[in-house]
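Please keep the sequence and the structure in view while reading.

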Amino acid sequence: MRDMVFAGTIAAALLLAPMTAAAQEAPVQTADPILRGLGASDFPRLKQLEPNVYAYEELRPSEPGKFKTTVDMIVVTSGGVLVADGQGNVAATEKLVAQIKKLTPLPIKYVVVCSEHEDHTGGNAAFKAAFPDAVFVASPVSQKALAASATPPAEAVADKRTIHLGATDIEILNLGRAHTGGDLSVYVPGAKVLFMSEIYDHRLFPSLARGYPSEWLATIKKNQAIGAKWVFGGHGFVDDPATMKRELAAFADELTAVITEGRRLHDAGVACRSVTDCDAVKVANWGPYETWSERVTQAPGALVRVYQEIDGKLPKQE
Ligand SMILES: [Zn+2]
């Protein structure tokens with residue numbers, strides 16, 4: 001009973017205290033910066049996870065009137081910098097480049113495209129403008145998708161590639177399809193930091209409109225099996241290691257629940273032909289995931305995709 005009263009007091013304190021140190025130590029688990037007591041002036045934010053390994057959080061628009069973060073990984077070595085993912089436009093990526101220049105006088109040597117989507121690649125020209133020799137690396141699928149872009153990836157990772165940069169080994173991992181179909185992760189084994197890009201969208205409803213529901217789950221499991229100390233993703237926040245691991249499991253549970261609910265509705269014969277013609281979305285029960293960020297915008301696309309998987313209509317593996 002005493003514990004319950006105590007827990008209630010904490011919950012009330014978190015609701016009432018907008019921008020306190022307490023909220024920093026034990027952040028509310030949500031992808032919505034406003035619910036975390038954060039505003040535009042708090043971003044971009046750099047978090048040092050381990051010596052020379054950083055997460056960079058920048059704000060971007062989300063649902064109408066709301067925001068979320070787009071997150072990048074920065075690895076500084078004695079031989080230059082590797083950055084995983086960028087921001088959605090040149091101005092935002094210029095800010096990221098300016099931040100990297102504050103960390104080291106050495107150049108960016110590699111830009112790894114873990115998510116080919118516009119909100120992570122739209123500003124890539126800023127990398128090239130600042131460091132014309134930077135090598136862009138992607139999966140074979142994303143290399144093809146970005147062939148006509150301002151920064152076509154010169155190298156493709158079909159399985160795994162270890163880059164030796166200065167005294168640091170950095171692994172580029174292609175562990176299967178997830179959110180884009182060309183998804184990559186980046187792991188720094190020495191520091192035990194794993195960046196999963198959009199394979200791990202912290203506290204967001206899964207963005208499945210172009211994703212692969214069951215394969216995404218399998219890809220998460222392969223990332224979990226690495227046994228990293230730190231795991232973080234391309235959207236949402238970067239909290240302490242224990243929270244981030246627990247939240248990755250929670251995200252996998254959510255994805256499982258979305259697939260299960262889609263299958264239930266499909267088996268019940270509820271129609272879902274397209275995002276604009278989907279009866280299933282009107283009767284779906286998302287349980288605790290009802291309130292996760294972008295549920296309203298992402299649920300129709302997720303159901304369409306789960307239905308396509310059940311009906312064997314997803315694009316085949318290239
Ligand atoms: Zn994204």
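In this predicted model, seven strands form an open sheet in the order β1-β2-β3-β4-β5-β6-β7, and their pairing is mixed. Strands β1 (residues 45-50) and β7 (residues 155-156) stand at the edges with a single partner strand each, so one side of each has no neighbour in the sheet. Within the sheet, strand β5 (residues 108-112) and strand β6 (residues 135-138) run parallel and are joined by three bridges. In this pair of strands, V111 stands opposite F136 in β6.

Helix α3 (residues 90-103) packs on the sheet, where it touches β1, β2 (53-61), β3 (67-77), β4 (80-84) and β5. The direction of helix α3 makes about 160° with that of β2.

**Salt bridges**

Side chains of opposite charge can pair when their charged atoms come close. In this model the count of salt bridges comes to 13. The table gives some of them, with the distance between nitrogen and oxygen.

| Salt bridge | N to O distance |
|---|---|
| R36 and D239 | 2.8 Å |
| K68 and E294 | 3.2 Å |
| R295 and E290 | 2.9 Å |

In the salt bridge of R36 with D239, the closest N and O atoms are 2.8 Å apart. R36 lies in the loop between α2 (21-25) and β1, while D239 lies in the loop between β12 (230-232) and α8 (241-267); the pair therefore ties together parts that are 203 residues apart in sequence. Both R36 and D239 are buried.

The side chains of K68 and E294 also meet in a salt bridge. This pair links distant parts of the chain, 226 residues apart: K68 belongs to strand β3, and E294 to the loop between α9 (280-283) and α10 (295-310). Both K68 and E294 are buried.

A further salt bridge joins R295 to E290. Is E290 buried or partly exposed? With a relative accessible area of 36%, E290 is partly exposed, since buried means under 20% and exposed means over 50%.

**The zinc site**

Which residues are the protein donors of the zinc ion? They are D119 (OD), H120 (NE2), E198 (OE) and H235 (NE2), lying 2.1 to 2.3 Å from the ion. In sequence, these donor residues are spaced D-H-x77-E-x36-H. E198 lies in the loop between β11 (193-195) and α7 (213-224), and H235 in the loop between β12 and α8, so the pair ties together parts that are 37 residues apart in sequence.

The angles among the four donor atoms range from 86 to 167°, and the site of the zinc ion is irregular. A tetrahedral site would need all angles to lie between 85 and 135 degrees.

**The surroundings of E116**

E116 lies in the loop between β5 and α4 (118-121). With a relative accessible area of 17%, E116 is buried. Leaving aside residues up to four places away in sequence, E116 touches T121, V141, S142, A145, L146, T180 and G182. From C-alpha to C-alpha, E116 and P61 are 18 Å apart in space, and they are separated by 55 residues in sequence.

Methods:
Residues are numbered from 1 along each chain as its sequence is written. This is a predicted model: local features need pLDDT of at least 70, side-chain atom pairs count only at pLDDT 80 or more; totals for chains, interfaces and linings use all residues. Side-chain values use heavy atoms; hydrogens and water are left out. Two strands pair if DSSP finds at least two bridges between them. Helices (H or I, at least four residues) and strands (E, at least two) are DSSP runs, numbered from the N terminus. Contact means heavy atoms within 4.5 Å. Axes are lines fitted to C-alpha atoms, for helices over the stretch in contact, and angles run from 0 to 180 degrees between N-to-C directions. A salt bridge is a side-chain nitrogen of Lys or Arg within 4 Å of a carboxyl oxygen of Asp or Glu. Buried means under 20% relative accessible area, exposed over 50%, partly exposed in between (1.4 Å probe, protein chains only). Donors are N, O and S atoms within 2.8 Å of the metal (3.2 Å for Na, K and Ca); water is not among the atoms, so sites may look incomplete. Four donors count as tetrahedral if all angles lie between 85 and 135 degrees; four count as square planar and six as octahedral if opposite donors are over 155 degrees apart and all others between 65 and 115; anything else is irregular.
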